[in-house]
Amino acid sequence: LKNQIVSLGIDPDKIYVIPNGVDEIFFDPHKYDSKATRKHYGVEPESLVIGFVGSFVGWHNLQLLIKSFSVIVEEANLSLWLVGQGAQKNYLQNLCLQLGVADKVNWTGQVPHNEVPAIINAFDLCVIPGANDYRSPIKLFEYMAMGKCVLAPDYEPIRSVIKHEYNGFVFQPSKKEDMAIWLNRLIRNKNLRDLTGKNARDTILEKYLWRYNAEKVVDIYNSIVTA
């Protein structure tokens, strides 16, 4: 977006880009009991849970996640959690039936925001199936703050936060085969998930808190009024 604005003749020094952030106190993995959450939603404790939180709309590309999940579902005791609501729910449920994975998908429905951290905490692997060149997904920061391994599409706003194979993983956008390869690798390697999840939370605590964003805005303001 900054590049587009600059192309219109605006001085780039007048444009500041600040990614989204998160409340690290609310999104704190130590506050929530993953076993209790899984029990509440009827998921076996030993299941490996792949999760998504958000609206069921086209730009989230949930069909890609479901299709990729169908490729790897026989590889382990897997469960896919789709948390939210939206216009595509019926289409996505029918897709699950067509692909033979309906019994492996848990539809929680829309949940209050104060329950979101507990649900994310019950995931083993968090996925962002779709994004674009100008979106800074809040769910990325919430997943990472909960110390979760994240798989997301390779767009610039995401790559500005995720260092591939250090604090998360990226796949080629809209490429089912590439997503499936990374899902398969990650479900087989708990140590890798745990390490990148720890690095993800550390990254958030260091750089991406809402209070940091507030401080940046104040610093920008002060630099302008004192110029």
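**Notebook: N167 and two helix pairs**

Entry 1. I began with N167, which I found in the loop between α7 (156–159) and β6 (169–171). I note at the outset that this is a predicted model, and I read each entry below with that in mind.

Entry 2. Next I looked up which polar partners the side chain of N167 has. A polar atom of that side chain lies 3.2 Å from the backbone oxygen of V161, and the side chain of N167 also makes a polar contact with the side chain of T203, at 3.1 Å. Leaving aside residues up to four places away in sequence, I listed what N167 touches, and the list reads M144, V161, I162, T196, N199, A200 and T203.

Entry 3. I noted that the contact is made by F141, M144 and A145 on the α6 side, and by G197, A200, R201, T203 and I204 on the α9 side. Sorted by class, the contact of α6 with α9 has five nonpolar, two polar and one charged residues.

Entry 4. How many of the residues of α6 are buried? I found that seven of its eight residues are, so that the helix is mostly covered; the buried ones are K139, L140, F141, E142, Y143, M144 and A145. These buried residues pack against β1 (48–53), α5 (116–121), β4 (125–127), β5 (149–153), α7 and α9. After α6 comes G147, for which I noted a positive phi, near 70°.

Entry 5. Last, I turned to another pair, helix α3 (residues 62–72) and helix α8 (residues 176–187), which pack with their axes 9 Å apart and at an angle of about 55°. I recorded α3 and α8 as therefore oblique to each other, and their crossing as right-handed. From α3 the contact is made by L64, L65, K67, S68, V71 and I72, and from α8 by K176, M179, A180, L183, N184 and I187. By class, I noted eight nonpolar, two polar and two charged residues in the contact of α3 with α8.

Methods. Residues numbered from 1 in each chain as written. Predicted model: local features only at pLDDT ≥ 70, side-chain atom pairs only at ≥ 80, totals over all residues. Heavy atoms only, no water. Helix = DSSP H or I, 4+ residues; strand = E, 2+ residues; numbered from the N terminus. Polar contact = N/O pair within 3.5 Å; in protein donor to acceptor, adjacent residues only side chain to side chain. Contact = heavy atoms within 4.5 Å. Axes fitted to C-alpha atoms, helices over the stretch in contact; angles between N-to-C directions. Parallel < 35°, antiparallel > 145°, perpendicular 65-115°, else oblique. Left-handed = near helix turned anticlockwise from the far one by under 90°. Nonpolar A, V, L, I, M, F, W, Y, C, P; charged D, E, K, R; others polar. Buried < 20%, exposed > 50% of the residue type's maximum accessible area, 1.4 Å probe, protein only.
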